[in-house]
Amino acid sequence: MKKILAASILALSMATSGMAYADPLKIGMITTLSGGGAGLGVDARDGFMLALKQSGVKDIEVVTEDDAQKPELAVQIADKMIQSDKVDLLTGIIWSNLAMAVVPNAVAQGKFYLSVNAGPSALAGAKCDKNYFNVAYQNDNFHEAMGNYANTAGYKKVFILAPNYPAGTDSLNGFKRFYKGELAGEVYTKLGQTDYAAEIAQIRDSGADSVFFFLPGGMGIAFMKQYAQSGVETPVMGPGFSFDQDVLGAIGDAAVGVKNSASWSKDLDNAANKKFVEGFQAEYKRLPSIYAAQAYDTANLIISASAKASVKDADAFRAALKEAKFDSVRGKFKFNSNNHPIQDIYVREVVKEGDVLTNKIVATSFTDHEDAYAKDCKM
């Protein structure tokens, strides 16, 4: 069922905030709030709304609806938001197959779309658009970082697996782009799969010296629990999404010591990140995830652009977005020519702080990393 949340963010006056906002702004947030991927969407929504609350801006309204991880429902919601709710821009989608269904149609109608997560390769390259901004990453990026890390870690025969959907394909392509060793196996699983006995048996028999997997949300929880119970001792690694705050509690101690990649971590030492982590814990009584961090940055980018230009002046608002003058939880942040981030990507390690599983940065895999598809973007 659809869950609808409408929130008007009321705040400080212009005299108090010192920021003049040209026009009211209406945002349509389509995200996953039910089913196995709900934790990802809830974190994205909560990070986004926290940024608005902290900022003290006025005249920003957010209408949020649950896509239930279904592309056809996401398309219906987007059409309603554009045609009936009269939103100025859209955001919130977690899954790349949903983004591919929604984004091209939204930008074709002259709406801005800002991604808090999904970053399919097509939208970074040949199907890029001047009104589409990805504030998170391009799908390949974290996986590229782990391919690079696998080389430095001395792995020479890696077994790789991911779900069979656009982000899964991008993930394994990204890993292979930088990994120099041999593949012990390459498997695409069913999206939403929960039984991995067959894949674990393949890993056991493959002779792999390590396993790289991308299985976000409930998929990763199921895989790691079954992997730990199987007795297979081949070390695992993955992107941050497979070992982030939204799933670590459910995975348990089997995750301790696992290396993973991300552009953000709660221990990044900058003022914006400290404000975010402390604020998120105070507001929601839990640690934030990558999904929350990316959505928080997205909201702050929108706030910064709204302070400079009205969304009704598309050229001026677009230029203000492109300028990206906001304090990112990642520290430095800028857009490439295809409106995707140029950013540092870190290697993190799962650690236990008291009774809480979390991550700490142990290395930098890439500095000022660009995605592989910008060259194909002709804006």
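Predicted model: local features only at pLDDT ≥ 70, side-chain atom pairs only at ≥ 80, totals over all residues.
**Entry 1: the division.** Domain 1 covers 2-137 + 268-335, and domain 2 covers 141-262 + 345-376. I then checked their spacing and found 27 Å between the C-alpha centres of domain 1 and domain 2.

**Entry 2: the contact.** How many residues of domain 1 are in contact with domain 2? I found 23 residues of domain 1 touching 28 residues of domain 2. I wanted an area as well, because the size of an interface is often given as the accessible area lost when the parts come together. For domain 1 and domain 2 the buried area is about 1,900 Å². Carbon and sulfur atoms account for 67% of that area.

Entry 3: I searched the interface of domain 1 and domain 2 for salt bridges, and the rule gave one. I also looked up the salt bridge between the side chains of Lys332 and Asp368, where the N to O distance is 3.0 Å. Its distance counts as a salt bridge because the cut-off is 4 Å. For polar contacts across the interface of the two domains, the rule gave three residue pairs.

**Entry 4: the domain 1 side.** I asked which elements give two or more residues to the side of domain 1 that touches domain 2. They are α2 (38-55), α4 (96-108), α5 (121-124) and α12 (290-306). Of these, α12 gives the most, with three residues. I sorted the residues of this side by type and noted 11 nonpolar, 10 polar and two charged.

Note on methods. Residues numbered from 1 in each chain as written. Heavy atoms only, no water. Domains from an automatic or database assignment. Contact = heavy atoms within 4.5 Å. Buried area = accessible area lost by both parts, 1.4 Å probe. Polar contact = N/O pair within 3.5 Å; in protein donor to acceptor, adjacent residues only side chain to side chain. Helix = DSSP H or I, 4+ residues; strand = E, 2+ residues; numbered from the N terminus. Nonpolar A, V, L, I, M, F, W, Y, C, P; charged D, E, K, R; others polar.
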